[in-house]
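Dear colleague,

I am passing on the structure below, and my notes on what was found in it follow directly after.

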Amino acid sequence: ERALALGGRMGGHLVQGHIDGIGKITAIREAGEEYLVRIEASREILRYIVNKGFIAIDGISLTVVERKETDFEISLIKHTRSITTFTRRRSGDSVNLEVDIIAKYVEALAQPANKTVNAEFLREHGFLVK
């Protein structure tokens, strides 16, 4: 797909095309009009995944149905499966994972500043005299 123009209508996942990690498909099952795909991932990836959140798998933006301790599940409608690389995917295959960039920004902004306020800091900035 073409990149979104700045100021254009946006909905869904902000995919940048970066690979944050590798996952492993552990199950694919048909459930009515959809396919449920379970993917095992590292803790480093799973910490950014939430139920009803977004994940890009091999560059395909998808919604997370369920997140568990060691894996997560996504749902594919038959049309999406038929027109993407998921047509060829089988249990045991490795896939590229990209987490939502907003989760990474939130994590970075929630981190405390590297500076610690202590006596040395206060002296350096003129609040304490030697």
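For the charges, Lys and Arg count as positive and Asp and Glu as negative, with His and the chain ends not counted, and the place of a charge is taken as NZ of Lys, CZ of Arg, CG of Asp or CD of Glu. With that convention, the mean positions of the 19 positive and 18 negative charges of the protein chain are 1 Å apart.

This is a predicted model, in which local features need pLDDT of at least 70 and side-chain atom pairs count only at pLDDT 80 or more, while totals for chains, interfaces and linings use all residues. Residues are numbered from 1 along each chain as its sequence is written, and side-chain values use heavy atoms, with hydrogens and water left out.

The protein chain holds 4 helices and 6 strands (DSSP runs, H or I of at least four residues for helices and E of at least two for strands, numbered from the N terminus), and their order along the sequence is β-β-α-β-β-β-α-β-α-α. Its radius of gyration, taken over C-alpha atoms with a globule rule of 2.2 Å times the number of residues to the power 0.38, is 21 Å, whereas a compact globule of 130 residues would have one near 14 Å. The C-alpha atoms fill a box of roughly 75 × 35 × 20 Å along the principal axes.

K52 sits in the loop between α1 (43-46) and β3 (54-57), and D58 in the loop between β3 and β4 (60-67).

Best regards
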